[in-house]
Amino acid sequence: MVRIMYLSPVAHRAGHDELFAEMARNYKLEGTEVHVTSLPDDAGRFSHIEYRSYEGMVTGGIIRAVRRAAREDFDALAIGCFYDTALAEAREISGEMVVTAPCAASCEIASSLCNRFGVIVGRRKWVDQMQASVHALGHRDRLSGFYHVELGVTEFQEDHARTKRMLIDAGRRAVEEDYAEALILGCTMEVGFHLELERKLGVPVIDPSIAALKRAEYGAVLKRDCGWRPSRRWSCEAPPEAEIAAIGCFGRGEEAFGGRIVVPAG
């Protein structure tokens with residue numbers, strides 16, 4: 001059995017973790033167990049981390065959650081934010097656990113499906129940071145552009161019919177005007193919407209939460225079947241355990257997770 005954690009770097013709230021648990025039930029392999037988790041309130045009662053200052057505040061919570069997941073012997077973990085918040089930091093202290101995140105996973109999958117892809121995002125605010133991530137991942141020449149609809153994370157859920165119309169219009173601009181051959185959704189609205197968008201636009205559409213889960217699962221399977229574990233040499237070197245213990249803030253005794261839903265294997 002493969003064990004995956006999908007960590008939302010926000011506080012637990014009604015309906016949020018359940019959305020991603022439904023996604024996991026629909027898309028995981030039969031032999032995979034998925035734990036959908038979020039951060040405790042003492043990390044901050046964030047409902048989103050659209051701002052860099054919010055990211056900075058939750059980074060400590062992500063690090064503690066990743067370290068706890070590694071100690072619980074999870075095979076892989078996905079950080080559920082398209083900013084890929086604290087991905088490099090989390091990998092550094094994750095031991096043999098594979099760690100990924102939506103932007104990195106989505107771009108990797110898109111680049112295997114096409115030569116040129118576009119990214120649909122909520123707000124223009126997001127573009128600068130996300131574009132830097134896509135470029136740093138090596139996909140600058142594959143990127144047709146970012147297409148924003150000026151909806152924040154919470155606004156995505158307020159009126160699904162309106163959100164769908166706006167996302168479809170943005171996708172049509174990407175495909176028909178900028179010749180995108182695949183699309184990435186920069187935010188998950190509802191499970192399965194990417195399929196509706198694919199039917200309307202005629203190109204692959206990648207849901208970032210599914211991409212992160214499946215890339216984590218794939219990494220875990222490769223580790224199990226091929227022995228390919230994360231490197232801990234040179235730039236990937238983990239901090240010494242003695243220093244971590246002396247610093248004292250990597251695990252302060254509080255619960256690392258604010259919510260946990262277990263989607264069993266089978």
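## Two loop residues with positive phi

Let's start in a loop: aspartate 73 sits between α2 (52-71) and β3 (76-79). Keep in mind that everything here comes from a predicted model. Aspartate 73 has a phi near 65 degrees, which is a positive value in a residue other than glycine. Most residues other than glycine have a negative phi. Is aspartate 73 buried or exposed? With a relative accessibility of 58%, aspartate 73 counts as exposed, because the cut-off for that class is over 50%.

Move along to the loop between β3 and α3 (87-92), and you'll find alanine 86. Alanine 86 isn't a glycine either, yet its phi is positive, at about 60 degrees.

## Helix α4 and its end

Now for helix α4, which covers residues 102-113. α4 has 12 residues and spans 16 Å from its first C-alpha to its last, close to the 16 Å expected at 1.5 Å a residue. Which residues of α4 are buried? They are Pro102, Cys103, Ala104, Ala105, Ser106, Cys107 and Ala110.

Leucine 113 also belongs to helix α4, but leucine 113 is partly exposed, with 49% relative accessible area. Setting aside neighbours within four places in sequence, leucine 113 is in contact with Pro204 and Ile206. Compare that with alanine 11: leucine 113 and alanine 11 are 102 residues apart in sequence, and their C-alpha atoms are 34 Å apart in space.

## α8 and its two partners

Helix α4 packs against α8 at an angle of about 85 degrees, and the two axes are 8 Å apart. Angles from 65 to 115 degrees count as roughly perpendicular, so that is how α4 and α8 stand to each other. On the α4 side, the residues that meet α8 are Pro102, Ala105, Ser106, Glu108 and Ile109. Their counterparts in α8 are Pro208, Ala211, Ala212 and Arg215. Sorted by class, this contact of α4 with α8 has 6 nonpolar, 1 polar and 2 charged residues.

Helix α1 (residues 16-27) packs with α8 (residues 208-226) too, at an angle of about 55 degrees and with the axes 10 Å apart. That angle makes α1 oblique to α8. The crossing of α1 past α8 is right-handed. From α1, the contact takes in Phe20, Met23, Ala24 and Tyr27. From α8, Ser209, Ile210, Leu213, Lys214 and Glu217 take part. By class, the contact of α1 with α8 comes out at 6 nonpolar, 1 polar and 2 charged.

Threonine 37 is found in strand β2, which runs over residues 32-39. Its relative accessibility is 0%, so threonine 37 counts as buried. What does threonine 37 touch, if residues up to four places away in sequence aren't counted? The list is Met5, Tyr6, Leu7, Ser8, Asp17, Phe257, Gly259 and Arg260.

## Cysteine 249 in its loop

The last stop is the loop between α9 (241-247) and β9 (259-263), where cysteine 249 has its place. Cysteine 249 is partly exposed, at 33% relative accessible area. Cysteine 249 is 14 residues from valine 263 in sequence, and the two are 30 Å apart in space, C-alpha to C-alpha.

Conventions: Residues numbered from 1 in each chain as written. Predicted model: local features only at pLDDT ≥ 70, side-chain atom pairs only at ≥ 80, totals over all residues. Heavy atoms only, no water. Axes fitted to C-alpha atoms, helices over the stretch in contact; angles between N-to-C directions. Helix = DSSP H or I, 4+ residues; strand = E, 2+ residues; numbered from the N terminus. Parallel < 35°, antiparallel > 145°, perpendicular 65-115°, else oblique. Left-handed = near helix turned anticlockwise from the far one by under 90°. Contact = heavy atoms within 4.5 Å. Nonpolar A, V, L, I, M, F, W, Y, C, P; charged D, E, K, R; others polar. Expected span 1.5 Å × (residues − 1). Buried < 20%, exposed > 50% of the residue type's maximum accessible area, 1.4 Å probe, protein only.
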